[in-house]
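Okay, thanks everyone. Let me put the next one up on the screen, and then I'll walk you through it.

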Amino acid sequence: LDETIARDLATTLYHRSQRLGNNASSNQIEETRNALEKAIALNSNSDRIGLLSLYADFIASTESLRAVAIRQDIQRADPNNIENTILLGQLAMEVAVKESRPEHKEAFFAIADSAFEQAKKIDPQDKRVLYQYAQYLRARGQDEKAKALLEESQDEKLLWDHYFQQGQYEQARKILEQLYKKGTKDSAVIRGLLLIAEKTADREAIKKHSEELNSLEDTFENSFLQVRAYLMVGLVKEA
């Protein structure tokens, strides 16, 4: 019945489930859920909000409507919690996109819109807010508003991603090449150039940027990107 022990057990089991992902058994999932619910019931202090957030995240894939409601409760209790506000907007947007009933779709889009507006008020320059808000605007078919939002932020890395998501690869490439020419070895910039080269079937650019990326960060993920890019443009021997 000790609230600290209950909290520590719940968070430990939650992180175990995160690591296991789809490999978590039904018994492990149930054990984690029960531990979170018990910890929430026992904790009435500031830890309760953190536990509620973990619980909302844990059930989001199976009980998305309940997860949205919990994040709304957290927002009411802690309106300046930017992390929760972003997650509320993101989850409500995902529910809205999947919803087939027009009135329900609009209701969840309205929740997402309100959440992103609140998050933007909390920190107008937070990159996570700007990115997710732009994603929301794109989901609503408001591409020009999304572009204007990102241009206003003057964040070139967010802007190139917007163009990339819209299939405007030439505009995305121009922004990335400007960043590339500044001389800073940024793996995100090089990875972006590789993705664009893959989409435009630019074999020479694929070879150049994939080698650069691997020399900068020799990881499994980057090696996988290189092999995939080679295969996509028919460089079978190189792959």
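So, to start: is Gln226 buried or exposed? Gln226 is buried, with a relative accessible area of 12%; buried here means under 20%, exposed over 50%, and partly exposed in between, using a 1.4 Å probe and protein chains only.

Quick housekeeping: this is a predicted model, so local features need pLDDT of at least 70, side-chain atom pairs count only at pLDDT 80 or more, and totals for chains, interfaces and linings use all residues. Numbering runs from 1 along each chain as its sequence is written, and side-chain values use heavy atoms, with hydrogens and water left out.

Back to Gln226, then. You'll find Gln226 in helix α13, residues 220-232 (helices are DSSP runs of H or I, at least four residues, numbered from the N terminus). Setting aside neighbours within four places in sequence, Gln226 is in contact with Ser210, Glu211 and Asn214, where contact means heavy atoms within 4.5 Å. With Asn214, there's a side-chain to side-chain polar contact at 2.9 Å; that's a pair of N or O atoms within 3.5 Å, one able to donate a hydrogen and the other to accept it, and residues adjacent in sequence count only if both atoms are side-chain atoms.

Now the cores. The largest nonpolar core has 51 residues, meaning buried Ala, Val, Leu, Ile, Met, Phe, Trp, Tyr and Cys joined through side-chain atoms within 4.5 Å. Helix α3, residues 47-59, gives the largest share, seven residues. A second, separate core of 11 residues includes Leu213 and Tyr230.

Last one: Ala201, in the loop between α11 and α12, has a positive phi near 55° without being a glycine.

Key: Helices (H or I, at least four residues) and strands (E, at least two) are DSSP runs, numbered from the N terminus.
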